[in-house]
Amino acid sequence: MTDKSTAKVFCATVMQTPAPNEVEVIKDALINVGADGVIISVTEPTAAPYRERMQAAREAGQLSVLAAGKYLLPGLIDLHIHAPQWPQLGKALHLPLYEWLEQETFPLEARYADTAFARTVYESLVSNLISNGTTTAVYFGSIHSEANKVLAETCLRHGQRALVGKVAMDHPEQCPDYYCDPSAETAIEQTAELITHVRALSGNDRQLVRPIITPRFIPSCSDALLEGLGELAASTDCHIQTHCSESDWEHNHVLARLGKTDTTALNDFGLLTRHTVLAHSNFITRDDFDIIAETRTGIAHCPLSNFHFANSIFPLRAALDKGLRVGLGTDISGGPSASMFDSCRYAITASLALEDGVNPSLTPEVRGLRGSRIDFRHAFWLATAGGGEVLDMPIGKIAPGFQFDAISVDAGADGSNITVWDGIDNGIDILQKIVFGATRTNISDVWIAGIKVGIH
Ligand SMILES: [Zn+2]
C-alpha cells in the first residue's frame, strides 16, 4: 500500500442498491471522506454546498475525479471463503460433499501446518480477491494457529477488511487423525488466543481485521467444543461463523446425532447471535427461520457452491421476505469462482431455477416454487449492503457514516464484455450490465477504509 490515511474527496457517478429492490444512481456525486476512512458527506450536484465543497477540495489538493466511463460502486463483501482451499479452486467438483472433504479438502488443509506454504497461498489469495473487488472477506482458516496468524497479517498488509477464524474441529469419528484438533480444550484455547492476537495486531488499531469464532460444522465438532465456543463468543463479543443445513448428508447427520436441526442445535450451544454468519442454510425448517430471525443471525448464501454440493437451492426470496439478514459468499473452493459478481449472477440464476423448477416431466403447476425469483437489484444488494448488515458493520453503501470501501468499474476497460450505448443506456441499465457482465478486467481501482489498495 502506498496510499495514506488522509482526507479525500471523490467526484464520481455512484451506483448502488441501498435496499434490496432499490437502485440509486447519483451522477457526478461529491464524496467527502475523512482521514479515518469514514464517509462524511455525499453531495449531489443540485445541492447547495456542491460548488463550495468542490472548490475547497480542489484548493486542498484532495480532489480525485473518476474519468468518463468509470463508475463508483460499493466494495464487494464475500461472506464465506475457505482460505486454505484456494489452491484447489476449480478442482474435484465432481465429488459429493463428504468425499470431497475426505479425499481432497482435508489433505490440502492439513498442509497449512507448514507456515511457509500458508504464506505463499494466502499472499496469492488476498491479492486476487482484492483485484476482484472484494473489499471485505470472511475467512475460514485451518486448524493451525501460525497459519491463521499469517492469514490475518496478510489481510492487514494488503489493506483488506477481513474476519479470520481458526477452524475448530475435534470429532474423532468425522475428522481424519492427521487433521483434527487434539481436544475440545485445545481448540477453544487456540481460538481464544487468535482472538487476542488479531485484536492486538500492530497496525490494526481500527480493527480492519477481526477475529471470528469458527466451528467447522456440527458433524466435525464434539458437543463439548460447540458448547465451549458458545461460551467464548459470549465472553469475547466475537463474530461467529459455521455451516448450517448445507446438504442432505450433513442435515440428516445432525438430525440423527442430536435429534434436532443444525439451527436449533447451534442456538442451544449459544452460537446464534447478531454476529453469526451461517453458510448455506438450505434445509432450514419453518421453525429454523423463526429462530434465525429472533436471534438476528445472518446467512451467507453461496449459490454456485450450492449447485455443486447442497442438493438443493436456498429459499433466498422467502428468507428476504421474512426479513432475515442475508448476504453472498463465493464458498471458495466449493464454489469455483473468486468473483462476487459471479456470485450475484448465480444467485439470480439459482432463484430462477427455484421459481420455475427444472424437471420438464412435471407440469408447470408443481415444477417450481412460485415467488422465488430475484433480480440484479437484490443480487447486488446482497453482495454489498446486505453483507454489511449481516456483519453488523457500516459497509456496503456509499453514504455518510459508512466506511469508504469502494470499487471503480471501468466499463470501457481493455477486454471488457460490457458495452454501454450512448442515448440508449441510462444509469440503471449500466448497473445491470455491470452486475451481469463485469469481470476483474473492469475493476480499475479499489479503496478500503478510504485507502487505495493495490490491484493487479
Ligand atoms: Zn464452506
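This is a predicted model: local features need pLDDT of at least 70, side-chain atom pairs count only at pLDDT 80 or more; totals for chains, interfaces and linings use all residues.

Student: Why is A92 called partly exposed?

Tutor: A92 has 17 other C-beta atoms within 10 Å. A residue is buried at 20 or more and exposed at 12 or fewer, so A92, with 17, counts as partly exposed.

Student: What is noted about the backbone of A92?

Tutor: Its phi is positive, about 65°, although A92 is not a glycine. H280 also has a positive phi, of about 75°, and is not a glycine either.

Student: Where does H280 lie, and is H280 buried or exposed?

Tutor: H280 lies in strand β12 (residues 276-280). There are 31 other C-beta atoms within 10 Å of H280; the cut-off for a buried residue is 20 or more, and H280 is therefore buried.

Student: Which peptide bond is cis, and what is its omega?

Tutor: The bond that joins I332 and S333 is cis, with omega about 5°. S333 is placed in the loop between β14 (325-328) and α12 (340-356).

Student: Which residues make the contact of α12 with α14?

Tutor: From α12 the contact takes M340, S343, C344, A347 and I348, and from α14 it takes F376, A379, F380, L382 and A383. Nine of the residues in this contact are nonpolar, one is polar and none is charged.

Student: Why are α4 and α5 called roughly parallel?

Tutor: Helix α4 (residues 145-158) packs with helix α5 (residues 184-199) at an angle of about 25°, the axes being 11 Å apart. Angles under 35 degrees count as roughly parallel, so α4 is roughly parallel to α5. Their crossing is right-handed.

Student: Which residues bring α4 and α5 into contact?

Tutor: S145, N148, K149 and A152 of α4 make the contact with Q190, E193, L194, H197 and V198 of α5. By class, the residues of this contact are three nonpolar, four polar and two charged.

Student: How do you know that A152 is buried?

Tutor: A152, in helix α4, has 25 C-beta neighbours inside 10 Å. The cut-off is 20 or more, so A152 counts as buried. Apart from neighbours within four places in sequence, A152 is in contact with V164, V198, L201 and V209. As for V209, it is 57 residues from A152 along the chain, while their C-alpha atoms are separated by 6.6 Å.

Student: What makes α5 roughly parallel to α6?

Tutor: The axes of α5 and helix α6 (residues 223-236) come within 9 Å and cross at roughly 25°. The limit for roughly parallel is an angle under 35 degrees, and that makes α5 roughly parallel to α6. This crossing of α5 and α6 is right-handed.

Student: Which residues of α5 and α6 meet?

Tutor: A184, A187, I188, T191, A192 and I195 in α5 meet A224, L225, G228, L229, L232 and T236 in α6. The contact of α5 with α6 has nine nonpolar residues, three polar and no charged ones.

Student: Which domains does the assignment give, and how many residues are in contact between them?

Tutor: The domain assignment gives domain 1 (8-74 + 397-453) and domain 2 (76-391). Their centres, taken over C-alpha atoms, are separated by 30 Å. In the contact, 24 residues of domain 1 touch 25 residues of domain 2.

Student: Which elements of domain 1 give two or more residues to the side that touches domain 2?

Tutor: They are β1 (8-19), β2 (22-33), α15 (427-437), β16 (443-448) and β17 (451-453). The largest share, four residues, comes from β1. By class, this side of domain 1 has 15 nonpolar, five polar and four charged residues.

Methods
Residues are numbered from 1 along each chain as its sequence is written. Axes are lines fitted to C-alpha atoms, for helices over the stretch in contact, and angles run from 0 to 180 degrees between N-to-C directions. Angles under 35 degrees count as roughly parallel, over 145 as roughly antiparallel, 65 to 115 as roughly perpendicular and the rest as oblique. A crossing is left-handed if the near helix is turned anticlockwise from the far one by less than a right angle, and right-handed if clockwise. Two residues are in contact if their C-beta atoms, placed from the backbone, lie within 7 Å. Ala, Val, Leu, Ile, Met, Phe, Trp, Tyr, Cys and Pro count as nonpolar, Asp, Glu, Lys and Arg as charged, and the others, Gly among them, as polar. Domain bounds come from an automatic or database domain assignment.
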